Amino acid sequence: MSHLGPLRCRTWAALLRQLLRPPRTVCNRAVGCHSQVAKAVLTCEQLKPHQQKPNFIIKVPKGTRDLSPQQMVVREKILDKIISCFKRHGAKGLDTPAFELKEMLTEKYEDNFGLMYDLKDQGGELLSLRYDLTVPFARYLAMNKLKRMKRYQVGKVWRRESPAIVQGRYREFCQCDFDIAGEFDPMIPDAECLRIMCEILSGLQLGDFLIKVNDRRVVDGMFAVCGVPESKFRTICSSMDKLDKMSWEDVRLEMVAGKGLAPEVADRIGDYVQCHGGISLVEELFKDPRLSQNQLALQGLGDLKLLFEYLRLFGIADKISLDLSLARGLDYYTGVIYEAVLLESPAQAGKETLNVGSVAAGGRYDRLVAQFDPKGHNVPCVGLSIGVERIFYLVEQKMKISCEKVRTTETQVFVATPQKNFLQERLKIIAQLWDAGIKAEMLYKNNPKLLTQLHYCEKEDIPLMVIIGEQEQNEGVVKLRSVASREEVSWSWWKYRVLNVLPSLFKRQDLVV
């Protein structure tokens with residue numbers, strides 16, 4: 001047994017016996033250095049993945065989800081339309097950290113701080129995941145001493161609330177924000193924000209929609225004349241913000257039983273929150289015997305009257321309704337507030353209406369930046385946020401009904417061969433296509449079968465094939481094949497070169513991606 005090396009047969013036999021024993025009964029006797037090797041091998045064997053069964057269920061955390069390649073295509077199209085609208089109105093892009101100092105966020109949300117995700121202490125800083133994109137934007141303005149900015153931002157935010165998947169409500173979700181910061185004449189930036197919301201919702205073809213507007217000064221004035229103690233303004237406002245999810249009876253019960261509001265005061269609020277309309281309602285509220293006595297409410301009504309005039313000039317007044325039940329529970333709003341709702345879901349057209357809540361919202365927050373500035377310098381702001389997840393859910397439902405197929409790649413050309421030993425030629429051709437900016441693929445095999453390549457093109461909806469084989473090489477041409485029509489044409493490789501021919505081919509209707 002010379003091939004065993006210098007070890008004697010008995011040594012190899014002892015080593016093999018140890019390797020064959022169960023792990024828990026391994027003999028600890030030393031067999032020179034080779035026994036140590038045996039122990040190491042056994043340890044590795046015990047840790048092999050196929051021998052370790054996970055003691056947990058593999059799933060995503062509650063309120064989150066994965067997005068498949070098909071879903072990502074739809075999502076990116078939605079985001080492209082939203083961002084292109086923001087850019088059309090002159091916005092600049094901005095990004096901020098996914099987490100902020102906990103103290104900074106807690107003070108700005110008050111009633112909602114329990115919904116924030118806290119992070120463990122890292123390096124002496126208490127941190128929380130951002131709740132929205134508005135507070136980080138205000139912090140950015142104050143930190144950089146900016147007085148004017150028109151910005152957009154797309155990013156994920158996190159809220160620890162009960163998810164409602166069928167309504168597109170998650171704990172981790174994407175927001176698309178547009179904000180105008182700076183001192184300007186009243187209601188002009190506010191009207192543009194509403195115009196942007198209309199452009200986006202119309203462009204996404206989600207169905208008919210309505211944008212409800214109100215003013216926090218009108219809300220506070222209404223609370224005052226109804227008899228709500230000033231110390232309860234914010235908490236009662238938070239309850240009223242739930243009217244899109246709860247009936248007035250349930251909201252009233254929360255105000256009275258949960259927050260100690262007098263029943264007769266709640267009833268007075270109930271008389272107002274059922275009012276909705278257009279400019280005519282604004283005129284009526286100016287004459288209301290109670291509201292007309294409150295200066296704060298009159299300021300809000302004055303701005304709303306001016307806002308409706310600008311909305312008429314923008315051509316969107318028919319999409320806007322003054323709704324006194326709208327409150328927007330976040331504490332930083334100070335003026336005009338608005339919220340867009342769909343009147344009918346595409347998935348339920350002609351059937352039962354599907355309620356997904358608001359799909360866009362926003363408002364004016366004139367004092368938020370000053371809370372971050374050491375000297376208290378103020379920068380008035382107004383903005384909007386698009387609810388991407390809810391919109392995405394509605395678009396998905398529409399596509400399911402129409403059985404619309406989604407291409408997950410943008411490949412324009414597939415480089416193929418019907419014969420063996422043409423890998424080098426395929427690599428040369430695909431490199432030229434990439435150099436020309438053409439999206440191209442090929443199979444990662446030396447000698448793929450032609451039928452396999454054809455099936456791949458059909459499966460991935462690739463419109464065009466470039467085929468190179470022995471005959472084409474001898475004739476100095478390549479074949480261009482339309483996958484859909486199966487029409488083939490030959491092009492002189494040296495005279496035309498594929499990279500010069502293909503751009504013109506893509507103008508043909510049957511080859512459009």
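A polar contact of 2.6 Å joins the side chains of S239 and E254. The model in which this pair occurs is predicted. S239 is found in helix α8, which spans residues 233-240. With a relative accessible area of 0%, S239 is buried. Beyond its neighbours within four places in sequence, S239 is in contact with V251, E254, M255 and K259. The C-alpha atoms of S239 and R328 are separated by 9.8 Å, although the two residues lie 89 residues apart along the chain.

R328 also takes part in a polar contact. Its side chain and that of E339 are joined at 3.3 Å. E339 has its place in strand β10, residues 336-342. This glutamate is buried, with a relative accessible area of 4%. Leaving aside neighbours within four places in sequence, E339 is in contact with L210, I211, K212, D244, L326, R328, S358, A360 and A361.

The fold as a whole was examined next. The chain has 18 helices and 17 strands. Of its 513 residues, 48% count as buried. The chain exposes about 27300 Å². Carbon and sulfur atoms supply 54% of that area. Among contacts with a separation of 6 or more, residues 24 or more positions apart account for 66%.

Strand β10 belongs to an open sheet of 9 strands with mixed pairing. The strand order is β1-β5-β6-β12-β11-β10-β7-β9-β8. β1 (92-93) and β8 (276-277) stand at the edges. Each has a single partner strand, so one side of each is left without a neighbour in the sheet. Strands of a sheet pair through backbone hydrogen bonds, in either the parallel or the antiparallel sense. Strand β7 (residues 209-215) and strand β9 (residues 320-323) pair in the parallel sense, over 3 bridges. In this pairing, I211 stands opposite I320 in β9.

The largest nonpolar core holds 79 residues. Within this core, F86, I211, F223, I269 and Y338 touch the most other members. Not counting residues up to four places away in sequence, F86 touches A91, Y152, C176, D177, F178, I196, I200, L384 and I386. A second, separate core has 23 residues, including F137, A142, I337 and Y365.

A search of the whole structure finds 29 salt bridges. One of them is formed by the side chains of K305 and E283, at 3.5 Å from N to O. K305 counts as partly exposed, at 38% relative accessibility. E283 also counts as partly exposed, at 31%.

Helix α12 contains another such pair. The side chains of E309 and R312 meet in a salt bridge at 2.5 Å, N to O. The two residues are 3 residues apart in the helix, and are therefore separated by about one helical turn. E309 counts as partly exposed, at 35% relative accessibility.

A further salt bridge joins the side chains of D366 and R364, at 2.7 Å from N to O. The partners fall on opposite sides of the 20% cut-off for burial. D366 has 21% relative accessibility and so counts as partly exposed. R364 has 12% and counts as buried. Elsewhere, salt bridges that share partners join R65, R75, E389 and E396 into one network.

Terms used: Residues are numbered from 1 along each chain as its sequence is written. This is a predicted model: local features need pLDDT of at least 70, side-chain atom pairs count only at pLDDT 80 or more; totals for chains, interfaces and linings use all residues. Side-chain values use heavy atoms; hydrogens and water are left out. Helices (H or I, at least four residues) and strands (E, at least two) are DSSP runs, numbered from the N terminus. Buried means under 20% relative accessible area, exposed over 50%, partly exposed in between (1.4 Å probe, protein chains only). Contact means heavy atoms within 4.5 Å. Accessible areas come from the Shrake-Rupley method with a 1.4 Å probe; for residues, only the protein chains shown count as cover. A nonpolar core is a set of buried Ala, Val, Leu, Ile, Met, Phe, Trp, Tyr and Cys residues joined through side-chain atoms within 4.5 Å. A salt bridge is a side-chain nitrogen of Lys or Arg within 4 Å of a carboxyl oxygen of Asp or Glu. Two strands pair if DSSP finds at least two bridges between them. A polar contact is a pair of N or O atoms within 3.5 Å; within protein, one must be able to donate a hydrogen and the other to accept it, and residues adjacent in sequence count only if both atoms are side-chain atoms.
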